[in-house]
Amino acid sequence: NLQLGFSHDINIDIPEGIKIFVEKQTIVKITGYDKQQVGLVVSKIKSLRSPEPYKGKGVRYIDEYVRQKEGKKK
């Protein structure tokens, strides 16, 4: 059950062999023995709320850097 800033919670089915741990409120650790299956689960979660370049909100990797764009000018 993920709360990604929408008006509703998002439920995700976890496949067999994948373990998901919540370390902090904003850090989720996903592990498993099949690297490809772990990547598929991570990409599915990331596609629900991808990082946007203006405010930097969204789901991203820990080491991922989102380049900030400048907003409207007055």
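This is a predicted model: local features need pLDDT of at least 70, side-chain atom pairs count only at pLDDT 80 or more; totals for chains, interfaces and linings use all residues.
Reader: What makes Glu 23 and Lys 29 a salt bridge?

Author: Their closest N and O atoms are 3.9 Å apart. The cut-off is within 4 Å, so the pair counts.

Reader: Which residues meet in the salt bridge at 3.8 Å?

Author: Lys 73 and Glu 70, through their side chains. That N to O distance is also within 4 Å, so the label holds. Side chains of opposite charge can pair when their charged atoms come close.

Reader: Why is Lys 73 called exposed?

Author: Its relative accessibility is 67%. Exposed means over 50%, so Lys 73 qualifies. Glu 70, at 59%, is exposed by that rule too.

Reader: And why is Lys 29 called partly exposed?

Author: Lys 29 has 41% relative accessibility. Buried needs under 20% and exposed needs over 50%, so Lys 29 falls in between.

Reader: Is Val 28 buried, partly exposed or exposed, and how do you know?

Author: Partly exposed. Val 28 lies in strand 2, residues 28–32. Setting aside residues up to four places away in sequence, Val 28 touches Ile 20 and Phe 21.

Reader: How far apart are the C-alpha atoms of Val 28 and Val 59?

Author: They are separated by 10.0 Å. Along the chain, the two residues are 31 apart.

Reader: What makes up the largest nonpolar core?

Author: Six residues: Ile 18, Ile 30, Val 38, Val 41, Val 42 and Ile 45. Helix 1 gives the most to this core, with four residues. Membership requires being buried, so each of the six has under 20% relative accessible area. In soluble globular proteins, nonpolar side chains tend to be buried together.

Reader: What does Val 42 touch?

Author: Ile 30 and Tyr 61, not counting residues up to four places away in sequence.

Reader: What makes you say that the charged end of Arg 49 sits over the ring of Phe 6?

Author: The charged end is 5.0 Å from the ring centre. Aromatic pairs are another matter: the count comes to zero.

Reader: How confident is the predictor?

Author: The protein averages a pLDDT of 85, and 100% of the residues score at least 70. Among the elements, helix 1 (residues 35–48) has the lowest mean, 88. Strand 1 (residues 18–22) has the highest, 90.

Methods: Residues are numbered from 1 along each chain as its sequence is written. Side-chain values use heavy atoms; hydrogens and water are left out. Helices (H or I, at least four residues) and strands (E, at least two) are DSSP runs, numbered from the N terminus. Buried means under 20% relative accessible area, exposed over 50%, partly exposed in between (1.4 Å probe, protein chains only). Contact means heavy atoms within 4.5 Å. pLDDT is the predictor's confidence in each residue, from 0 to 100. A nonpolar core is a set of buried Ala, Val, Leu, Ile, Met, Phe, Trp, Tyr and Cys residues joined through side-chain atoms within 4.5 Å. Rings of Phe, Tyr and Trp (its six-membered ring) pair if their centres lie within 6.5 Å; planes under 30 degrees apart count as stacked, over 60 as edge-to-face and the rest as tilted. A charge sits over a ring if NZ of Lys or CZ of Arg is within 6 Å of the ring centre and within 35 degrees of the ring normal.
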